[in-house]
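User: I would like to go through this model with you and ask, for each label, what it rests on. Please set the values against the definitions as you answer.

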Amino acid sequence: MVPPRRVAQTVLVAHHSRTLAILTLITWLFTAGVGSYMFHTLASRGGLRRQRAVRDGLPPAALFGHFGLAITALLIWVSYLATGWIALAWTAVGLLMPAIGLGICTVTLWTPYPHQAPQKDAPARKLTDEVLARALTDEALAGRLVDEVLASVPADPSQAARKPAGQLAVLIPVVHGMAAVATFALAVVTAAGTS
């Protein structure tokens with residue numbers, strides 16, 4: 001006969017595992033929501049076409065692979081919640097690893113998010129060592145270089161100190177990545193706790 005204390009401990013562990021599994025699902029859904037937002041933004045603005053046109057651009061297979069693995073793992077996690085089969089939990093964790101790897105590749109190849117155009121008011125001339133060396137001996141060239149640099153400085157320095165609202169968009173992939181890491185950690189702890 002199993003002592004009542006042992007039964008109570010088993011029930012308590014099962015309750016905590018179930019709570020962790022649901023918390024994992026919540027973080028996973030949040031991560032998927034942010035990822036879906038980024039994917040929709042990229043696709044609706046023609047980003048996939050632009051990325052294919054750029055030599056070192058993001059291959060669509062990496063993006064679709066990341067998205068597909070993450071969603072498949074999420075569906076398997078939901079199946080684990082429905083059935084309680086621990087093999088499904090570990091399968092979901094196993095699929096998360098390459099999904100996160102492809103996500104890291106995506107961020108590496110697709111930085112910054114979203115694509116930012118070069119500033120129009122930057123000096124057109126590249127300041128190479130050769131140009132600077134010639135400017136030391138050519139007073140007219142030195143004057144033009146100084147004029148270009150001064151023309152690129154904003155008239156009101158307080159306006160230059162303000163960051164445009166687009167800079168906040170960089171936080172979206174950061175939040176997505178942090179949520180993905182939290183989801184992975186919770187999934188591993190949940191799966192290990194129920195084994």
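User: What makes Gly84 and Leu88 residues that Ser79 touches?

Analyst: Contact means heavy atoms within 4.5 Å, and Ser79 touches Gly84 and Leu88 by that criterion, not counting residues up to four places away in sequence. Ser79 is found in helix 3, where helices (H or I, at least four residues) and strands (E, at least two) are DSSP runs, numbered from the N terminus. The C-alpha atoms of Ser79 and Ala92, 13 residues apart along the chain, are separated by 9.6 Å. This is a predicted model, in which local features need pLDDT of at least 70 and side-chain atom pairs count only at pLDDT 80 or more, while totals for chains, interfaces and linings use all residues. Residues are numbered from 1 along each chain as its sequence is written, and side-chain values use heavy atoms, with hydrogens and water left out.

User: Why is Ser79 called partly exposed?

Analyst: Buried means under 20% relative accessible area, exposed over 50%, and partly exposed in between (1.4 Å probe, protein chains only). Ser79 has a relative accessibility of 31%, so it counts as partly exposed. Ile172, which lies in helix 8, has 22% and therefore also counts as partly exposed. The C-alpha atoms of Ile172 and Gly35, 137 residues apart along the chain, are separated by 8.8 Å.

User: Why does Thr183 count as buried?

Analyst: The relative accessible area of Thr183 is 2%, and therefore Thr183 is buried. Its place is in helix 8, and Thr183 touches Thr24, Thr27, Trp28, Thr31 and Leu96, again not counting residues up to four places away in sequence. Thr106, whose place is in helix 4, has 5% relative accessibility and so counts as buried. The C-alpha atoms of Thr106 and Ala62, 44 residues apart along the chain, are separated by 6.8 Å. Of the 195 residues of the protein, 27% count as buried.

User: What makes the crossing of helix 3 and helix 8 left-handed?

Analyst: A crossing is left-handed if the near helix is turned anticlockwise from the far one by less than a right angle, and right-handed if clockwise; the crossing of helix 3 and helix 8 is assigned to the left-handed class. The two helices pack at an angle of about 35 degrees, with their axes 13 Å apart, where axes are lines fitted to C-alpha atoms, for helices over the stretch in contact, and angles run from 0 to 180 degrees between N-to-C directions. On the helix 3 side, His66, Trp77 and Tyr80 meet His176, Ala187, Thr190 and Thr194 in helix 8.

User: How do you know which residues line the largest pocket, and which are closest to its centre?

Analyst: On a 1 Å grid over the protein atoms alone, a pocket is an open set of points where a 1.4 Å probe fits, with protein on both sides within 12 Å along at least five of seven lines, and lining residues have an atom within 4 Å of a point. The largest pocket has a volume of about 490 Å³, a volume being the space filled by probe spheres set on the points, which are joined across faces, edges and corners. Of the 26 residues that line this pocket, Thr31, His66, Gly103, His176 and Ala180 are the closest to its centre. Helix 1 (4–44), helix 3 (60–83), helix 4 (86–109) and helix 8 (171–194) each supply at least two residues of the lining.
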